[in-house]
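Student: I'd like a close look at a single part of this protein, and then a sense of what surrounds it. Could you pick one and talk me through the details?

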Amino acid sequence: MIDASGDGRSRADYALAYAARGWAVVPLYWVDERGECGCGLAHDGQTAHRRADGTEFVLSPNSRGKHPHSLFAPHGALSASKDAATLRRWFATEPRLNIGVATGEISGIVVVDIDPRDGGDTTWADFVDRNGGQMPDTIIAGTGGGGQHVVFQYVADQVIRSPGKGVQVKGNGGYIVAEPSRHHSGGTYVWLADADPLEGATPAPAPEWLVTPKSADTLVLRGAGVRAAGYLSPQRVVDLQAAMQHLDPDPYETWFQVGMALHSTDAPEAFELWDAWSQRSLKYNVNATRRKWASFGQREGLHVESIFAWAAQAGWTGESPRVAVPAESVRVARPVADVQSAGDMGLHELPGALGEVIRYTLATAAKPQPDFAVASALALGSVIAGRRYVAQPFGNFTSLYFVLVGKSGCGKEHGRTAIETILAEAEWPELLGQSGYASDSAVFSSLLLQPTHIAFIDELGALLGNAQSEGMHYARAAMTALVESWGNCHGIMRPKAYSTANLAPQIAEAMLKRVVYNPAITLLGMTTPATFYGSLTGSAIEGGFLPRLLCVQTDIGRQPMGEKFATPVPPSVVDWINASRNHASDRGNLAARGHGAGERPTTTNVPMDLASMRAIRAYEADVLQSMDALDDEGIAELEGRSVEKVLRLACILAVSVDPATPRITADLVDHAVRYVRHWTGRTVQAVREHMHGSRFAQWQADVLRSIAKGGEKGRTERELARANALYNGLDLRQRRTVLDALVAKGDIAFVESAGLSGRGRKRQAWVAVEAGDEE
Ligand SMILES: [Zn+2]
């Protein structure tokens, strides 16, 4: 593609340059030589396009080459990125992308967008004249359509008004199209000389006359210019929906004006919103609604702020649900739920065929362990879906690593038996891998033979311990290869040069030429608590293996052998496995007989709907918060893979529900989140209690010593802080965590006793349970 800017810089170069100056980039569709939009959909303002979740949207002619790429930026401007690796990936995958720059806080800019087609140039010139005729020296771009983008510094809570027709202010949630993007008219967006941010120009503060006092009337745009062409943030959609509850679609005038106001956003959600609201009228007619929508031009003076103003007049108080709890009715045209809802399921259940696997596993167990049955069912799901199903838009595959932690004799081996029996019955023994890996070349050569397989490791705790011992290079290298494979499901694995050292030269040479596309290992490890917790050290976390594990611990101890029933593998499970793995178009998916590893497998996309994306974003925010909290203890990395685990789990659950047309829905994400949150929480607790040498363990030991010195009286909170400088330096949450951990281990207890002062106030203190340390 010829770059219209002609200076030899690629679009990726531009995107990276923007990111380098702190601007977040939004990947947009491009326009081709005929002026058509790269999304390939009709931009006629009329044709209804359907999303994966069944909802519909309409694209206007003016948004050609301006709307976010649905795969890279599923949340529009909210998907904007400053991450160089992300940008390189986007532009390597699709070099034609137009470049958007997110406005608002994320990039520190607010942009006045002047569109001459709506008379914006006159509006703006008049407005500047009326305010003294002085424009600050700031960044300005010419838009490909003959307009201008004037860029100012973003200031939180500052309100900037649109002076009128044809001028939009873009702030939080919005974006602008930037150089060297091409406009559908054939023109190119360019920064003006002397005002080019890539040449070092910086945005000026918005002039006084542009900033509006907060008490201004309803013409004021809320926030720092929230209106964004082509995009409504999820919160905005929910806000509009709440506001429109207060408006009656029956009077023609209201119906018409609300429609025009929504249409002016040019956002894909706009028609849905209007259509859903219109349906509250008895006069509703789907065709009339669609025709009317198509008739709205690009020259109306109304914008969505009018809707909020009308709603306020009608009694709306401005309240609306927070977006983490998406309003159900936003998702209109959703077919009646045809999937089994995982929404109310407990952690001992799974939706779809894997639920059947749990029941089978428990029915055939001499020593039933519900938590282990769920984990092994998920491990089976992981290997069945392995290398075949890919959740989109994140592109994640399904490999998961489980470790079952339980005393010997508690029944943790049964999951393996159940999986082996099921795979044999379904005639997929090729998916069964070996029992453990002695080195990294063992990991690699097993993948060459079986690019998709499940490996059972009997003493995972011992392997983990070995990997951290001096001199156990092979064990450590095997762990590193497993970490690499976990992270590389979407990519390619290559052999390490040194790993072929113990092979015959010609085999080694052949090996070095071989690669594994989309390696898909599923691990089901077993360990006793003593070995496992004994192996926990800081380096187990830093090495990355522990954070990738899902550790499932049972509270059910040793059990006597119960009665065992001869239960056949349910035919529905066999059918499900074959439906998941047998496809006529198979290429590279076959695990057996050494072929397939060097070919890219044919994959099936598993789309996520909007609500499930929101659930993931909300969970991601939670995870980041809990990582911050765990940072002090040096164990934040334990949460570092939680979001990826949830995505993989959700993909497995979607396949469990429907292997032919799997879809990730919010209830599946919720279930996956509950599962990962539960077991990660348990792991964090276990690490706190058992990990040696961590900063947190040192705190505990130190505080315990101090408390023990208090003897029988123990130490009050205040005494502890006075006596122990370390404790005094901790914040309240850290103090709480240390004391809780000591209580959980039975090292200290909280006691109340009559105060020595005799004034009836009780003394509340911590005492060491075994005062053996007393000096
Ligand atoms: Zn398009």
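Tutor: Happy to! Let's start with an open sheet of four strands, whose order is β15-β18-β14-β19 and whose pairing is parallel. Pairing here requires that DSSP finds at least two bridges between two strands. The strands themselves (E, at least two residues), like the helices (H or I, at least four residues), are DSSP runs numbered from the N terminus. At the edges of this sheet sit β15 (452-457) and β19 (549-553), each pairing on one side only. On average, neighbouring strands of the sheet are turned by 15 degrees against each other, direction ignored.

Before going further, bear in mind that this is a predicted model, in which local features need pLDDT of at least 70 and side-chain atom pairs count only at pLDDT 80 or more, while totals for chains, interfaces and linings use all residues. Residues are numbered from 1 along each chain as its sequence is written, and side-chain values use heavy atoms, with hydrogens and water left out.

Strand β14 (residues 401-405) and strand β18 (residues 520-527) run parallel and are joined by five bridges. Touching, or contact, means heavy atoms within 4.5 Å.

Although R387 is not a glycine, its phi is positive, at about 70 degrees. R387 is also buried, with a relative accessible area of 0%; buried stands for under 20% relative accessible area, exposed for over 50%, and partly exposed for values in between (1.4 Å probe, protein chains only).

N518 lies in the loop between β17 (516-517) and β18. This residue other than glycine has a positive phi, near 50 degrees, and at 5% relative accessibility N518 counts as buried.

With that part in place, let's move to the surroundings. An open sheet of five strands has antiparallel pairing and the order β9-β5-β7-β6-β11. Its edge strands are β9 (167-170) and β11 (190-191), each of which pairs on one side only. Strand β5 (residues 109-114) pairs with β9 in the antiparallel sense over four bridges, and in that pair I114 stands opposite V167 of β9. Helix α3 (residues 120-130) packs on this sheet, touching β5 and β9, and its direction makes about 120 degrees with that of β5.

Strand β10 (residues 175-178) is covered on both faces: Y175 and V177 are buried on one side, I176 and A178 on the other. Its antiparallel partner is strand β4 (residues 98-102), with four bridges in the pairing, and V101 stands opposite I176. The loop between β10 and β11 holds P180, and the peptide bond from E179 to P180 is cis, with omega near 5 degrees.

Among the helices, α8 (residues 304-313) is mostly covered, with seven of its 10 residues buried. They are V304, E305, S306, I307, F308, A309 and A311. Just after α8 comes G315, which takes a positive phi of about 110 degrees.

Further along, the axes of helix α20 (residues 610-631) and helix α22 (residues 666-690) come within 9 Å and cross at roughly 10 degrees. That makes α20 roughly parallel to α22; the cut-offs are under 35 degrees for roughly parallel, over 145 for roughly antiparallel, 65 to 115 for roughly perpendicular, and oblique for the rest. Residues of α20 in this contact include A611, A615, I616 and Y619, and those of α22 include A666, V669, V673 and V676.

Finally, step back to the whole protein, whose secondary structure comes to 26 helices and 22 strands. Of its 775 residues, 54% count as buried. Among the contacts in the protein with a separation of 6 or more, 76% are between residues 24 or more positions apart.

Notes
Axes are lines fitted to C-alpha atoms, for helices over the stretch in contact, and angles run from 0 to 180 degrees between N-to-C directions.
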